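Colleague: I would like to go through this model with you. Could you put it on the screen?

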Amino acid sequence: MKKYLILFTSFVLLSCENKIDAPSEINELFSYYNKAWSDGKVEDIIDNVYGVPCTLYLPDGVVPLNSKNDIRNFLNNTFSELDKNNYGFSKFNNWEHVRLSQNVAIVEQNFTRYLKDGTVMVPKERTASYVLGKDEDSKYKIYALIVHSPLSE
């Protein structure tokens, strides 16, 4: 009987979904970001999502983006590569991690990329971590991005 109780308890604990919430202003930023990214809207991302300077930590190295023009060049190159790989759009799945302090947040989103025909780009679930800070208008922007899989594949 004790064995079954332990097994049942383990099943219940593993079955419970651990939902992580982020404040509405962060949810709104990432909803906007994911839509702008899916639509390839470089100027919208520059003006409303990334702060300057922004640092990218990619699987193959660190890329400092010290100006809006650096961000523009990076995004244009990334979207060009994504287009060559038949990228269609991205979909937010859930938050993996959310940590807040006074004017800084560290978040990790889980997302899926899809090809233009609607099939999933492998790997199915991707994650990226972000360091957010508040700009002069007290709005969160992304100041650092840690990518856990290649950006353009």
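Colleague: In what order do the elements of the protein run from the N terminus on?

Modeller: The order is α-α-α-β-β-α-β-β-β-β. That comes to four helices and six strands. Please note that this is a predicted model.

Colleague: What is the mean confidence, then, and where is it lowest?

Modeller: The average pLDDT of the protein is 87, and 86% of the residues score at least 70. Confidence is lowest in helix H1, residues 2-15, with a mean of 38. The highest value belongs to H3, at 98.

Colleague: Which residues stay under 50?

Modeller: Residues 1-16 do, and for that stretch the model has zero contacts beyond four places in sequence.

Colleague: On to the sheet. What is the strand order?

Modeller: The six strands are arranged as S2-S1-S6-S5-S4-S3, in an open sheet with mixed pairing. Strand S2 (61-65) and strand S3 (87-100) each have a single partner strand, so one side of each is left without a neighbour in the sheet. From one strand to the next, the twist averages 25°.

Colleague: How many bridges join S3 to S4, and are the two parallel or antiparallel?

Modeller: S3 and strand S4, residues 104-115, run antiparallel and are joined by 11 bridges. Within that pairing, Lys91 stands opposite Thr112 in S4.

Colleague: What else does Lys91 contact?

Modeller: Lys91 lies in strand S3. Apart from neighbours within four places in sequence, its contacts are Phe111, Thr112 and Tyr114. Lys91 counts as partly exposed, because its relative accessibility is 42% and that class covers values between 20% and 50%.

Colleague: Which strands do the helices lie across?

Modeller: Helix H2, residues 24-38, lies across strand S1 (50-58), S3, S4, strand S5 (126-134) and strand S6 (140-147). Its direction is at about 160° to S3. Helix H4, residues 68-84, lies across S1, S2, S3 and S4, and runs at about 45° to S1.

Colleague: Changing topic: how many salt bridges are there in the whole structure?

Modeller: The search finds seven. Side chains of opposite charge can pair when their charged atoms come close. One of the salt bridges is between Asp39 and Lys35, at 2.6 Å from N to O.

Colleague: Are those two buried or exposed?

Modeller: Asp39 is partly exposed, at a relative accessible area of 39%. Lys35 is exposed, at 53%.

Colleague: Which salt bridge links distant parts of the chain?

Modeller: Lys68 and Asp47 meet in a salt bridge with an N to O distance of 3.7 Å. This pair links distant parts of the chain, with Lys68 in helix H4 and Asp47 in helix H3 (residues 42-48), 21 residues apart. Lys68 is partly exposed, with a relative accessible area of 42%, and Asp47 is also counted as partly exposed, at 39%.

Colleague: What about Glu81: which residue is its partner?

Modeller: Glu81 forms a salt bridge with Lys84, and their closest N and O atoms are 3.3 Å apart. Both residues lie in helix H4, three residues apart, which is about one turn of the helix. Glu81 is partly exposed at 34%, whereas Lys84 is exposed at 62%.

Colleague: Now Lys141. Why is Lys141 counted as buried?

Modeller: Lys141 has a relative accessible area of 13%, and it is classed as buried because the limit for that class is under 20%. Lys141 is found in strand S6.

Colleague: What does Lys141 touch?

Modeller: Leaving out residues up to four places away in sequence, Lys141 touches Leu29, Asp47, Asn48, Val49, Tyr50, Gly51, Val131, Leu132, Gly133 and Asp135. Among them, Asp47 is also the salt-bridge partner of Lys68.

Colleague: Finally, what are the totals for burial, contacts and surface?

Modeller: Of the 153 residues in the protein, 37% are buried. Among contacts with a separation of 6 or more, 54% are between residues 24 or more positions apart. The protein exposes about 9,300 Å², of which carbon and sulfur atoms supply 53%.

How values were computed:
Residues numbered from 1 in each chain as written. Predicted model: local features only at pLDDT ≥ 70, side-chain atom pairs only at ≥ 80, totals over all residues. Heavy atoms only, no water. Buried < 20%, exposed > 50% of the residue type's maximum accessible area, 1.4 Å probe, protein only. Contact = heavy atoms within 4.5 Å. Areas by Shrake-Rupley, 256 points an atom, 1.4 Å probe, with all protein chains shown as cover. Pairing = 2+ DSSP bridges. Axes fitted to C-alpha atoms, helices over the stretch in contact; angles between N-to-C directions. Salt bridge = Lys/Arg side-chain N within 4 Å of Asp/Glu carboxyl O. pLDDT = per-residue confidence, 0-100.
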